[in-house]
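Thanks for coming. I will go through one structure today, starting with its pockets and ending with a few backbone details.

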Amino acid sequence: MRVIRSAFFAAAFLPLAYVVPVAAQADWGIVGTLHIGGEGGWDYLTVDAQSHRLFVPRTTHTQVIDADSGKVLGDIPGQKNAHGVALVPSLNRGFITDGGGDGAILIFDLKTFEVIGTLATMPDSDGIIYDATLGRIFAVSGDKGMLMTFRADIDPKRGKIEPPIELGGAPEFLASDGTGKVYVNLEDKDMVAVVDLSARKVIARWPVAPGGHPVGMALDKKTKRLFVGCRNPQRLVVMSAEDGKVLGSVPIGAGVDATQVDGGLAFASCRDGQLIAAAEKDGEWAVAQTVKTPQGARTMGLDTMHHKLYMPTAEMLPSAAGQRPKTKPDTFMIVEVGKK
């Protein structure tokens with residue numbers, strides 16, 4: 001395991017950021033790389049800003065990594081196809097979605113990293129979030145098209161999830177507004193589903209055009225805006241969380257998988273090695289900056305306290321045109337992107 005902190009050293013093997021000067025506040029770039037290695041792929045990365053820890057699903061296990069040193073602090077085994085992690089520090093609990101087999105959510109201790117229980121869920125359990133205001137965990141089943149809900153203080157041994165909510169499409173990621181509405185991307189329908197938790201049903205479906213196949217989602221609760229990353233057409237769509245009106249969109253790279261929002265900037269991470277930062281200027285949304293990242297850095301976690309993005313990826317082997325490249329063994333790394 002090697003840790004590289006100098007942006008100058010990182011430039012020796014990673015492309016530099018380049019800037020399109022649309023918004024003055026956009027000045028982000030690669031500031032370091034944590035070389036982790038080990039076996040397994042990766043999916044949604046979750047940041048615990050207070051403890052400076054990163055939680056990274058690696059297919060059959062989930063690693064806990066020190067964000068400063070890159071040291072692996074813990075490795076949680078027992079998953080078939082891990083996708084995401086939700087953290088509840090007030091209860092000293094974490095939750096891992098396992099989409100393999102019949103589906104499960106593992107509950108683990110945030111201090112010891114020991115698994116303290118497993119909830120039966122649904123196949124292809126995927127995106128997962130925690131709403132601290134509501135004290136609830138929300139997760140989606142892609143294959144079954146369902147939103148799964150339960151209290152964060154659920155009995156880890158005998159607890160069961162609540163009756164799932166049918167979404168009417170294949171969900172990807174999601175966001176909760178803290179007042180009883182959950183927004184879910186429906187990739188196959190080119191829509192965002194709005195779920196009323198009190199009624200436990202979908203009350204609206206909002207088209208994401210001019211984007212399509214929505215996967216990444218972030219919610220700015222202050223401005224009540226959703227930021228939706230779309231794969232085809234490739235757009236970052238800005239949408240009102242109140243009525244679904246599309247307020248703007250910008251072009252992005254191929255293979256987006258996550259979006260984040262930090263202050264006045266919205267980010268979309270793309271598999272092709274582009275991190276797009278968008279900003280609003282004079283009522284119009286435009287690309288403020290494009291940070292060149294390693295190929296495969298399609299997901300990211302945001303540290304809102306220190307204004308950093310953590311993007312998992314690995315070195316890629318050569319591949320034929322049109323084929324997705326395979327990863328070089330034992331090269332897993334996390335790229336740090338921050339303000340310069």
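**Pockets, core and backbone**

The second largest pocket has a volume of about 620 Å³. Its lining is made of 24 residues, and those nearest the centre are Trp-42, Asp-257, Arg-271, Arg-298 and Arg-324. By class, this lining has ten charged, eight polar and six nonpolar residues. Keep in mind that this is a predicted model.

Now the largest pocket, which holds about 1200 Å³ of space. It is lined by 38 residues, with Thr-46, Ile-129, Tyr-130, Gln-260 and Leu-302 lying nearest its centre. Several strands give two or more residues to that lining, among them strand 3 (46-48), strand 7 (82-88), strand 11 (125-131) and strand 15 (171-176). Which strand gives the most? That is strand 23, with five residues. The lining of the largest pocket divides into 23 nonpolar, ten polar and five charged residues.

Next, the interior. In soluble globular proteins, nonpolar side chains tend to be buried together. Here the largest nonpolar core has 17 residues, and Trp-28, Leu-265, Phe-267, Leu-275, Met-300, Leu-309 and Val-337 touch the most other members. Elements giving two or more residues to this core include strand 2 (28-35), strand 24 (265-270), strand 26 (284-292) and strand 29 (333-339). Strand 25 gives the most, with three residues.

Leaving out residues up to four places away in sequence, its contacts include Leu-45, Ala-258, Phe-267, Leu-275, Leu-309 and Pro-312.

On to the cysteines. How many disulfides does a search of the whole structure find? The count is zero. For Cys-230, the closest cysteine sulfur is in Cys-270, 11 Å away, which is too far for a bond, because a disulfide needs the two sulfurs within 2.5 Å. Cys-270 is likewise in no disulfide, its nearest cysteine sulfur being that of Cys-230. Cys-230 is buried, at 0% relative accessible area, and Cys-270 also counts as buried, at 0%.

Ile-116 is another residue to look at. It lies in strand 10 (residues 115-120). Ile-116 and Pro-156 are 40 residues apart in sequence, and their C-alpha atoms are 6.3 Å apart in space. Pro-156 is also among the residues that Ile-116 touches, as are Arg-93, Ile-107, Phe-108, Asp-109 and Lys-157, when residues up to four places away in sequence are not counted.

Last, the backbone. Most residues other than glycine have a negative phi, and most peptide bonds are trans. Where are the exceptions I want to show?

A cis peptide bond joins Ala-209 and Pro-210, with omega about 20°. Pro-210 is in the loop between strand 18 (201-207) and strand 19. Asn-232 and Pro-233 are also joined by a cis peptide bond, with omega about -5°. Pro-233 sits in the loop between strand 20 (225-231) and strand 21 (234-240).

Phe-113 is not a glycine, but its phi is positive, at about 65°. It is placed in the loop between strand 9 (104-109) and strand 10, and it is buried, with a relative accessible area of 11%. Arg-200 has a positive phi as well, near 55°. This residue is in the loop between strand 17 (191-196) and strand 18, and at 30% relative accessibility Arg-200 counts as partly exposed.

Key:
Residues are numbered from 1 along each chain as its sequence is written. This is a predicted model: local features need pLDDT of at least 70, side-chain atom pairs count only at pLDDT 80 or more; totals for chains, interfaces and linings use all residues. Side-chain values use heavy atoms; hydrogens and water are left out. Buried means under 20% relative accessible area, exposed over 50%, partly exposed in between (1.4 Å probe, protein chains only). On a 1 Å grid over the protein atoms alone, a cavity is a set of points where a 1.4 Å probe fits but cannot get out, and a pocket is an open set with protein on both sides within 12 Å along at least five of seven lines; lining residues have an atom within 4 Å of a point. Grid points are joined across faces, edges and corners, and a volume is the space filled by probe spheres set on the points. Helices (H or I, at least four residues) and strands (E, at least two) are DSSP runs, numbered from the N terminus. Ala, Val, Leu, Ile, Met, Phe, Trp, Tyr, Cys and Pro count as nonpolar, Asp, Glu, Lys and Arg as charged, and the others, Gly among them, as polar. A nonpolar core is a set of buried Ala, Val, Leu, Ile, Met, Phe, Trp, Tyr and Cys residues joined through side-chain atoms within 4.5 Å. Contact means heavy atoms within 4.5 Å.
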